[in-house]
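User: Could you take a close look at one part of this model for me? I am new to reading structures, so please walk me through it step by step.

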Amino acid sequence: MAPNDEGLSQEGFEDETLRLMIRTSVGGNGVRIRLSNTFGDEPVTFDRASVGIRAEPGSAAIEPRTLRQLTFGGDDDVTITAGGRVLSDPVDLHVEPEQELAVNLYAAAPTGPTTFHHLETKTSFVAESGDHTGETGADAFTTEISRWFYLDGVEVVSPETSGAIVCLGDSITDGFESTYDANATYLDFLAERINESGSLQKSVLNAGISANRVLSRGAGENALARFDRDVFAQTGVTDVHLLDGINDIGAGTGDGSETVTAEELIDGYL
């Protein structure tokens with residue numbers, strides 16, 4: 001974990017640009033991003049946003065001529081209500097399968113406490129002063145972070161893709177203890193195998209949360225509470241892969257939680 005991530009999650013950002021690194025599973029000819037203020041108490045405004053192809057592994061730089069400014073309903077800025085999510089307008093950008101992208105978000109006014117994804121599997125960056133969404137260089141992005149703040153997903157415009165597989169689960173799905181910055185979760189390997197097959201044209205979406213449980217709250221909302229938002233609300237979902245329940249079974253072994261019976265867990269699955 002970058003040493004200031006805990007503080008940033010509470011303090012938020014002001015006059016700063018986030019450069020968040022994320023990997024696609026499929027290729028296509030356009031992208032759009034999804035932003036979330038799901039756990040925010042107040043609206044949050046991003047004044048500018050952009051997306052481009054990462055120049056090389058480990059770098060904060062973006063490949064020249066791939067940077068695209070994003071709009072939201074035709075506007076450069078977007079305000080996300082407390083508890084809300086928004087999709088950007090799609091932009092023309094050719095991306096390959098398993099392509100690393102950089103998403104830039106600039107907030108001029110204080111964001112307050114953030115909505116973020118907790119598990120650290122990839123390094124992203126922050127430029128601590130000003131709007132750097134129009135820059136491809138890495139010089140301004142001197143602060144490393146290990147969480148995705150506000151970025152809820154990237155959708156690839158891919159007419160050849162016939163649907164999306166959502167993998168819903170706990171830390172195993174989330175990527176706990178996979179090699180950092182190596183795209184080495186089992187979902188990364190699943191996406192690679194699907195792409196190599198040439199016959200199954202589907203994207204892979206990671207909806208894992210470390211310490212997740214089916215029936216009770218762990219490090220975040222339980223699977224039942226978040227199913228509609230994290231599965232049905234995703235674009236083009238055709239399949240769900242469920243790997244959840246280990247933390248329910250172990251909940252009574254030392255963390256003070258009430259023990260869950262097998263019957264209760266089975267009912268939760270049903």
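Analyst: Let's start with arginine 226, which touches Leu168, Gly169, Ala207, Gly208, Ile209, Asn212, Glu221 and Val231, leaving aside residues up to four places away in sequence. Keep in mind that this is a predicted model. Arginine 226 sits in helix H4, residues 223-232. Is arginine 226 buried or exposed? Its relative accessibility is 0%, so arginine 226 counts as buried.

Now look at another helix, H3. Helix H3 covers residues 186-197, twelve residues in total. From its first C-alpha to its last, H3 reaches 16 Å, close to the 16 Å expected at 1.5 Å a residue.

Which residues of H3 are buried? They are Leu187, Asp188, Ala191, Glu192 and Ile194. These residues lie on the same side of H3 because they cover an arc of only 165° around the axis.

What do the buried residues of H3 pack against? Their partners are strand E1 (16-23), strand E15 (163-169), helix H2 (171-174) and strand E16 (202-208). On the face turned away from the buried side, H3 carries the exposed residues Arg193 and Glu196. Just after H3 comes glycine 198, with a positive phi of about 75°.

Finally, follow E1 into its sheet. Six strands form this open, antiparallel sheet, in the order E5-E4-E9-E1-E11-E12. Its edge strands are E5 (68-69) and E12 (143-145), each pairing on one side only. E1 and E11 (residues 124-127) run antiparallel and are joined by three bridges. Leucine 18 has valine 126 in E11 as its bridge partner.

Technical notes
Residues are numbered from 1 along each chain as its sequence is written. This is a predicted model: local features need pLDDT of at least 70, side-chain atom pairs count only at pLDDT 80 or more; totals for chains, interfaces and linings use all residues. Side-chain values use heavy atoms; hydrogens and water are left out. Helices (H or I, at least four residues) and strands (E, at least two) are DSSP runs, numbered from the N terminus. The expected span of a helix is 1.5 Å times one less than its number of residues. Buried means under 20% relative accessible area, exposed over 50%, partly exposed in between (1.4 Å probe, protein chains only). The arc is that of the directions from the helix axis to the C-beta atoms. Contact means heavy atoms within 4.5 Å. Two strands pair if DSSP finds at least two bridges between them.
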